[in-house]
Each structure stands twice: as C-alpha cells, then as structure tokens.
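User: Hello! I am new to this structure and would like to walk through it with you. Could you show it to me?

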Amino acid sequence: MKILLVDGTIFGRKTGVLLEQVQQYIQAFNPSLELEILYFSKLQHQILDGSPLNDDMKKMIQKFEEADAYIFASPIFQASIPGVLKNAFDMIPPKAMRYKPAAIIGNGGTYQHHLVLENQLRPILDYFRCLVTPNYVYTHADHFDKDNKIIEEDVHNRLRELARVFVQYCEMTKTLSKQPVDIQ
C-alpha cells in the first residue's frame, strides 16, 4: 500500500519534521506500508491557469493518483492553508483520492488557528471523498526547539495516536473498491 505524505508548503521545515516523525510512527505500526514524503519545496510549482503543466506538476499529480492513502501537513499562513497546497488540490482529478484514507497535521503561529484544518482543509478532503481520520494534530511554534526538533511529549503522543488510527484506516479500506458507483 502506497502512502503519500504531503508537505504542503515551500517555506520552513516544521511541517516536514512533523511528517518525518509520523512516518516513523506509521512504520512502527506497519512496516509493510510504502511511505514517501512529497516535499512541495522540491517542486517547480506553477499556477493552474490553463497552460500546459510542467514535468514537476505532472509527477505530483501522478503521485496523488497512484497513492492509496495520504497524510497532509500544512502550515497556517494568514489564517489559511498555503496557496501552493490549494493550487495542488486544484490540479488533482476529482476522483483521484476517492475512498482513500487521509490524515491531517498542521502547524501555526497561534493556538487559535487549529480550526483552519477543520474548516478549510477537511472540507477539501471531504470534496475528494477521502476517508479522513477523526483525529488531527495541530502544533504551535512553541512545540519545537530552535532546530525544529519536536520538544513537546504531548505532540509525540498525538502523532503516534494519529499514526495508529491512520494505519487502521488503511487496513479497513484495503478491500474497499475505489471505483464509484455513479448512476447517470
């Protein structure tokens, strides 16, 4: 089973650090899962404007289509998800993530921004009909040291729990057909 961990920003390291940590926890629960972190910072992004897509955007779309499940990590900028993440979602075919497990991790500069994950990111994943885990993890800059190492044990516990539930979602959906039953 292919799991795509998406670092939904081109700035900073905290979301990448969170994904790297949850990747370790997922591997501890199920070492047979194939995990890949997609760092948006390593891609040449373009705005979806109708022009032909560059090779990086084509590869990104292919990774989303081929994945069986997703972990999305997003910083919160100006009380919203980054434009580069929303732009990526705009490129993904509507049925590419249908009935596939997904989990959400976020990081922000204020404690109040945790609701951005619930009010902005989750509805996008619901539109794609992802099977989103009920638990998400939101972190604050205070949870990291100056080298972006996670220093808060509670964050580790919440990431571990997110990984546990996510792995169970992956197991539960192995036999679920991803093909829609569209009546027209």
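This is a predicted model: local features need pLDDT of at least 70, side-chain atom pairs count only at pLDDT 80 or more; totals for chains, interfaces and linings use all residues.

User: Is Lys63 buried, partly exposed or exposed?

Analyst: Residues are numbered from 1 along each chain as its sequence is written, and side-chain values use heavy atoms, with hydrogens and water left out. Buried means under 20% relative accessible area and exposed over 50%, with partly exposed in between (1.4 Å probe, protein chains only). The relative accessible area of Lys63 is 27%, so Lys63 is partly exposed.

User: Which residue meets Lys63 in a salt bridge?

Analyst: A salt bridge here is a side-chain nitrogen of Lys or Arg within 4 Å of a carboxyl oxygen of Asp or Glu. The partner of Lys63 sits 2.7 Å away, N to O. It lies in strand 2 (residues 34-39) while Lys63 lies in helix 2, so the pair ties together parts that are 27 residues apart in sequence; helices (H or I, at least four residues) and strands (E, at least two) are DSSP runs, numbered from the N terminus. The partner is Glu36.

User: How many residues apart in sequence are the parts that Glu66 and Lys2 tie together?

Analyst: The side chains of Glu66 and Lys2 form a salt bridge at 4.0 Å, N to O. Glu66 belongs to helix 2 (residues 55-66) and Lys2 to strand 1 (residues 2-7), so the parts they tie together are apart in sequence by 64 residues.

User: Is Lys146 buried or exposed?

Analyst: Lys146 forms a salt bridge with Asp147, with their closest N and O atoms 3.6 Å apart. Asp147 is exposed at 56%. With a relative accessibility of 76%, Lys146 counts as exposed.

User: How many salt bridges does the structure hold?

Analyst: Side chains of opposite charge can pair when their charged atoms come close. Among the pairs here are Glu36 with Lys63 and Glu66 with Lys2. The number of salt bridges in the structure is nine.

User: How are helix 1 and helix 5 oriented to each other?

Analyst: The axes of helix 1 (residues 14-29) and helix 5 (residues 153-172) come within 9 Å and cross at roughly 50 degrees. Axes are lines fitted to C-alpha atoms, for helices over the stretch in contact (heavy atoms within 4.5 Å), and angles run from 0 to 180 degrees between N-to-C directions. Angles under 35 degrees count as roughly parallel, over 145 as roughly antiparallel, 65 to 115 as roughly perpendicular and the rest as oblique. Helix 1 and helix 5 are therefore oblique.
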